Amino acid sequence: MYRLIAMDLDGTLVNSDKVITPRTLSALRRAQDKGVRLAIATGRPVEGARHIVEELDMQHRGGCLVSYNGALVQDCTTGETLYEKPLPEEYVPRLLRTATDSNCAFVVYQGDRVLTTDASSEYVQYSGRNNRLPVKQATDFMKETVPPFYKGLIVGEPGRMASLRDSLIKEMDGALDFCLSEPFFLECLAQGVSKMGGVEKVMARMGINATEVMAFGDADNDVSMIRRAGLGVAMGNAHEQARRVADIVTASNDADGVAEVVERYVL
């Protein structure tokens, strides 16, 4: 019934230690043995998700990677780019100013590093650890960056980011899209970019329709694919918005929530 499993990473596929548990790894490998394809749909850059792709053997099993919240979609086997929609370059200095004026850090991912205005931020350091990438403090941010920018990341204290998101949505008036991937991460994306948009590119590649997709997530940036999938699954640790649109709520990412559903509906 389900031919594609699309999964967020942080808070969903990986546990609090940022690893896939043995039970979940086994369930997903067995699902692939049955011909089910996998798609990772994450806010992380390509390099930040590569080790997960390799652990699941997606490069040999026809998997796809939806990175940067859907701004870049790649076939894991061929390395082919199926879709890309970077931030319009003219908006990056404006986002940088907004972050600076709001006493927040600004981040862009540049190949194999995290470039930021504030390497001392605990949340920026978290991003570096999460993606297994070094963090570099920029001296002159714009001069040290090289397009394309698949997303910008405004990083600050959790209690402030939702209101900053709302003010940017109003200020930009649809020119860009904004979402919270963590309470301290405000994702800045090209207009129309979403995880489900990326998953749809994967579906087209594989000849799969939405009713044949099982999607897992926990955060606001997962809502689009949870809502549209044939079986939308919110993790037990999910934000309320993700829980509201889900068909079912499974166990948390620390209690093999992904495996629980895959074992029930696929295996």
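Tutor: Two strands pair if DSSP finds at least two bridges between them, where strands (E, at least two residues) and helices (H or I, at least four) are DSSP runs numbered from the N terminus. This is a predicted model, in which local features need pLDDT of at least 70 and side-chain atom pairs count only at pLDDT 80 or more, while totals for chains, interfaces and linings use all residues. Residues are numbered from 1 along each chain as its sequence is written, and side-chain values use heavy atoms, with hydrogens and water left out.

Student: Over how many bridges do strand S2 and strand S3 pair?
Tutor: Ala 41 has Val 66 in S3 as its bridge partner. Strand S2 (residues 37–41) and strand S3 (residues 64–67) run in the parallel sense, and the number of bridges over which they pair is three.

Student: Which are the edge strands of the open sheet of eight strands?
Tutor: With mixed pairing, the strands follow the order S5-S4-S3-S2-S1-S12-S13-S14. Each edge strand pairs on one side only, and these are strand S5 (81–84) and strand S14 (248–249).

Student: Why is the pair of Tyr 123 and Phe 184 given its class, and which class is that?
Tutor: The search of the whole structure finds seven aromatic pairs, a pair having ring centres within 6.5 Å and counting as stacked with planes under 30 degrees apart, edge-to-face over 60 and tilted otherwise. Because the centres of Tyr 123 and Phe 184 lie 4.6 Å apart and their planes are at 15 degrees, the pair is stacked.

Student: Is Phe 184 buried or exposed?
Tutor: Buried means under 20% relative accessible area, exposed over 50% and partly exposed in between (1.4 Å probe, protein chains only). Since its relative accessibility is 12%, Phe 184 counts as buried.

Note on methods:
Phe/Tyr/Trp six-rings, centres within 6.5 Å; stacked < 30°, edge-to-face > 60°.
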